[in-house]
Amino acid sequence: MSHTEVAGEVVAKEIGRVLAIVGWSGSGKTTLLEKLVARLAGAGLRVNIVKHSHHDIELEPPRKDSARLRLAGAAEVMIASPYRTAIMRELRGETEPSLAEHLQRLSPADLTLVEGYKWEALPKLEVYRPEVGKPALYPEDEHIVGVVSDVARPDDAGAGVAWLDLNDPDGVVDWLHGWLRNNPQVLVGTAVNK
């Protein structure tokens with residue numbers, strides 16, 4: 001299925017499986033993602049990542065040609081080489097694009113892992129470490145399908161929530177392979193806010 005517009009209405013684009021990795025700052029989300037991506041890519045899966053940041057993003061030195069062109073007023077600058085491609089888009093006061101818009105720009109993948117976007121109504125894997133000093137998200141978020149933690153499963157964890165060992169990334173990958181087998185693809189616009 002492709003992204004098209006019919007009579008002014010955007011038709012959902014099939015993007016593959018999407019799983020958000022959520023948790024408080026300092027819980028270990030990026031470290032876990034790094035381990036998961038290495039193992040999944042090593043197993044031959046194509047994995048995309050969308051990482052949300054509340055901070056300004058500077059990906060290039062200010063005096064490089066691409067930065068100079070962006071600062072001169074270009075809406076988007078694509079930097080292309082035989083090794084990688086990057087697109088920088090200046091919002092210039094526009095509303096931040098939705099997760100659905102970001103997902104639609106990505107190439108097809110077996111799995112897209114999203115870091116952040118806690119507010120989205122999509123399947124989530126929470127990284128929870130009590131030592132961070134923040135409450136767990138899973139009791140209040142029905143979209144959390146699993147928790148990766150360094151503590152034992154508490155009694156209040158619902159039966160439908162998998163409890164995984166943060167110190168066993170291979171076990172988390174095994175669970176993730178099962179989750180991929182048992183879950184259909186996500187359609188942008190139906191499971192992701194626009």
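Mentor: Start with V50, whose bridge partner in β7 is V114. Two strands are said to pair if DSSP finds at least two bridges between them. Strands (E, at least two residues) and helices (H or I, at least four) are DSSP runs, numbered from the N terminus.

Before going on, note what kind of model this is. It is a predicted model, in which local features need pLDDT of at least 70 and side-chain atom pairs count only at pLDDT 80 or more, while totals for chains, interfaces and linings use all residues. Residues are numbered from 1 along each chain as its sequence is written, and side-chain values use heavy atoms, with hydrogens and water left out.

Now look at β7 itself, residues 111-115. The strand is mostly covered, with 5 of its 5 residues buried. Buried means under 20% relative accessible area, exposed means over 50%, and partly exposed is in between (1.4 Å probe, protein chains only). In a regular strand the side chains alternate between the two faces of the sheet. In β7, L111, L113 and E115 point one way, T112 and V114 point the other way, and all are buried.

Next comes Y117, which is found in the loop between β7 and β8. Most residues other than glycine have a negative phi. Y117 has a positive phi, near 55°, and is not a glycine. Y117 counts as buried because its relative accessible area is 4%. R92 is another non-glycine residue with a positive phi, about 45°. R92 lies in the loop between β6 (85-89) and α3 (99-105). R92 counts as partly exposed because its relative accessibility is 48%.

Y117 also takes part in a ring pair. The structure holds 3 aromatic pairs. In one of them, Y117 and W119 are tilted, at 5.2 Å centre to centre and 55° between the planes. The rule is that rings of Phe, Tyr and Trp (its six-membered ring) pair if their centres lie within 6.5 Å; planes under 30 degrees apart count as stacked, over 60 as edge-to-face, and the rest as tilted. Another pair, W175 and W179, is stacked, at 6.5 Å centre to centre and 25° between the planes.

The charged end of K118 sits over the ring of W24, 3.9 Å from its centre. K134 also lies over the face of W24, at 5.1 Å from the ring centre. A charge sits over a ring if NZ of Lys or CZ of Arg is within 6 Å of the ring centre and within 35 degrees of the ring normal.

K124 forms a salt bridge with D141, the closest N and O atoms being 2.8 Å apart. D141 is in the loop between β8 (residues 124-128) and β9 (144-149), 17 residues from K124. Both K124 and D141 are buried. A salt bridge here is a side-chain nitrogen of Lys or Arg within 4 Å of a carboxyl oxygen of Asp or Glu, and by this rule the count comes to 6.

Another salt bridge joins D170 and R39, with the closest N and O atoms 2.6 Å apart. The pair links distant parts of the chain: D170 is in helix α4 and R39 in helix α1, 131 residues apart. D170 counts as partly exposed because its relative accessibility is 45%, and R39 counts as partly exposed because its value is 32%.

Helix α4, residues 169-182, has 14 residues and reaches 20 Å from its first C-alpha to its last, close to the 20 Å expected at 1.5 Å a residue. The expected span is 1.5 Å times one less than the number of residues.

Helix α1, residues 29-42, holds L32. L32 counts as buried because its relative accessibility is 2%. L32 touches V127 and V148, not counting residues up to four places away in sequence; contact means heavy atoms within 4.5 Å. L32 and V127 are 95 residues apart in sequence and 8.3 Å apart in space, C-alpha to C-alpha.
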